[in-house]
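Please read them with the structure in view.

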Amino acid sequence: MADYVYIFDTTLRDGEQSPGCSMNVQEKLQVARVLDDLGVDVIEAGFPAASDGDFESVKSVGDLGLDATICGLSRTRHGDIEAVARSLDTAKNKRLHIFIATSPIHREHKLKMDKEQIIDEMTSALAFGQQWFDDIEVTAEDAGRTEIDYLVEYFQAAVDAGARVLNVPDTVGYVTPWESRKLYRHLRKHLRNAEDVVLSCHNHNDLGLAVANSLGAIEGGARQVECTINGIGERAGNCSLEEVVMALRTRHDRYGLETGIDTTRLYPASRVVTAVTGSQVQPNKAIVGRNAFAHEAGIHQDGVLKHAETYEIMKPEDVGVPENSLVLGKHSGRHAFSNRLETLGFSVDKEQMEELFVRFKSLADRKKSVYDEDIEALVLGNEQTGPWHLDAISIHTEVEDADQLAEASLKLRFNGQAPRIYTGRGDGPVNAIVNAIKTIIDEELHMEEFQVSAVSGGSDAQGRATVRATIGASRYQGTGVSTDIVEASAQAMVSIMNRHHQHQGSDVGASRIAAAI
Ligand code: MN
């Protein structure tokens, strides 16, 4: 379809690779369901050979039975390809994504292979992958610094060997929109027998040009865009899915192209990814930022009230910004609660729904008004996905002159065993909690960042504690939500212990391989 642009989402692979955005399996599944509801064509679920943990998450996404094509990343080695095949054996629709570097610097220094050897390596990987996959995508890593004639030769070999999609990443975010358009035009013009082959772009945002470069690529003939929700990704991130989709839709007059995205699911998807990663969206971020549809200037407000199109090129409801923040309370029933969950973009099964409803009722007892932010926190805030569970916490503080002394006692359970009390002292409650946790962990624990913010408005608002910490050589982020900010802080620390535990369990003896595309 020449007038259709495939949306390839890599939030779970490229996005997840970025610092502070790592997700556990449950979080990845939540995001995968959201992406499928959104209507993305392809979900890149991960790089199965990177670690056992990555393999398990790709496998779990494959098992969900989603409509989207599930894609696994792979180097050219057979072990990688077999790992993708095994992890996706139950997926309804699946794709293998093979990458190898093509630029002179990578050929000489990293791969120590000449041009022909690289092409042989790629075509034999393709042939090996065809045992399991009809749908194979081939990437030229560091395409931006590859000689153009060699790039054509490399992709021609991929076409001849049966690749369906050719991806040309701008890994370092260096090109301009005009250069991007020129490159794709060149490829379209010089590749033979490639009428049914889709050209794909993968742009990074180091100069703030990822979306513009993707539009440039589309003008040059690309028909697949690799992108992420909220534009998360390494360094300055990837092309933002919501921006490129809304640019194509709003400027349909210029592009005349369609995507399969249900744009009314964009805002909920953004909120879910924000809540899962704890990585906040800047207020002035296009499409999904808090101020994206706020009109502050009086003359604008007046205009918008008289006729929305005077200052709005899109309507908030087009991207699923809820018209009002519906407030629930203790008299709200199951139906109202489950409706709101759906509006906010969550899909939960019956069992989860029952458990959430109990927690919702208990929250509504403590707090008069339950806002959307509280519901998001309920679903994602204190998910105990690990062996450690916080049963109770007590804090004792004394302030004398300027000196404060605090003692924290945490009642913790490990793997459902009988609870034990861990205590720590410090010059404040948070410091005391951290010192209590330090008595459990034998590696060095270092707090890098600690933030407490109100989840919603009102003086009875819940507090969300966000902690970034390193344990040994690994960096983790944890969040906790409670009407009591000290309890929220303890929950955040427990979530860090759980992440550390899972990380140790999944990566014993093998460091994770990062894909530089
Ligand atoms: Mn990338």
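1. A definition is needed before the metal site: donors are N, O and S atoms within 2.8 Å of the metal, and water is not among the atoms, so sites may look incomplete. The model discussed here is predicted.

2. Which residues coordinate the manganese ion? The donors come from D14 (OD), H202 (NE2), H204 (NE2) and I517 (O), at 1.9 to 2.3 Å. Along the chain, the spacing of these donors reads D-x187-H-x1-H-x312-I. Both H202 and H204 are buried.

3. On confidence, the average pLDDT of the protein chain is 90, and 95% of the residues reach at least 70. Residues 506–510 are a stretch to treat with care: pLDDT stays under 50 there, and the model has 5 contacts for them beyond four places in sequence. Where pLDDT is low, the predicted coordinates should not be read in detail.

4. How do helix 14 and helix 15 pack, and at what angle? Helix 14 covers residues 334–343 and helix 15 covers residues 350–366; their axes lie 11 Å apart, at an angle of about 110 degrees. Because angles of 65 to 115 degrees count as roughly perpendicular, helix 14 is roughly perpendicular to helix 15. Helix 14 contributes R334, F337, S338 and L341 to the contact, while helix 15 contributes M353, E354, L356, F357 and F360. By type, the residues of this contact between helix 14 and helix 15 divide into 6 nonpolar, 1 polar and 2 charged.

5. Is R107 buried or exposed? R107 belongs to helix 5, which spans residues 104–111. Its relative accessible area is 7%, and buried means under 20%, so R107 is buried. Setting aside neighbours within four places in sequence, R107 is in contact with T102, K112, M113, D114, K115, I118, E147 and Y150.

6. E373 sits in helix 16, residues 372–380. With a relative accessibility of 24%, E373 counts as partly exposed, because that class lies between the limits of 20% and 50%. Which residues does E373 contact once its neighbours within four places in sequence are left aside? They are R271, V455 and S456. For one of these, V455, the C-alpha atom is separated from that of E373 by 5.9 Å, although E373 and V455 are 82 residues apart along the chain.

Methods
Residues numbered from 1 in each chain as written. Predicted model: local features only at pLDDT ≥ 70, side-chain atom pairs only at ≥ 80, totals over all residues. Heavy atoms only, no water. Axes fitted to C-alpha atoms, helices over the stretch in contact; angles between N-to-C directions. Helix = DSSP H or I, 4+ residues; strand = E, 2+ residues; numbered from the N terminus. Parallel < 35°, antiparallel > 145°, perpendicular 65-115°, else oblique. Contact = heavy atoms within 4.5 Å. Nonpolar A, V, L, I, M, F, W, Y, C, P; charged D, E, K, R; others polar. Donors = N, O, S within 2.8 Å, 3.2 Å for Na, K, Ca; no water. Buried < 20%, exposed > 50% of the residue type's maximum accessible area, 1.4 Å probe, protein only. pLDDT = per-residue confidence, 0-100.
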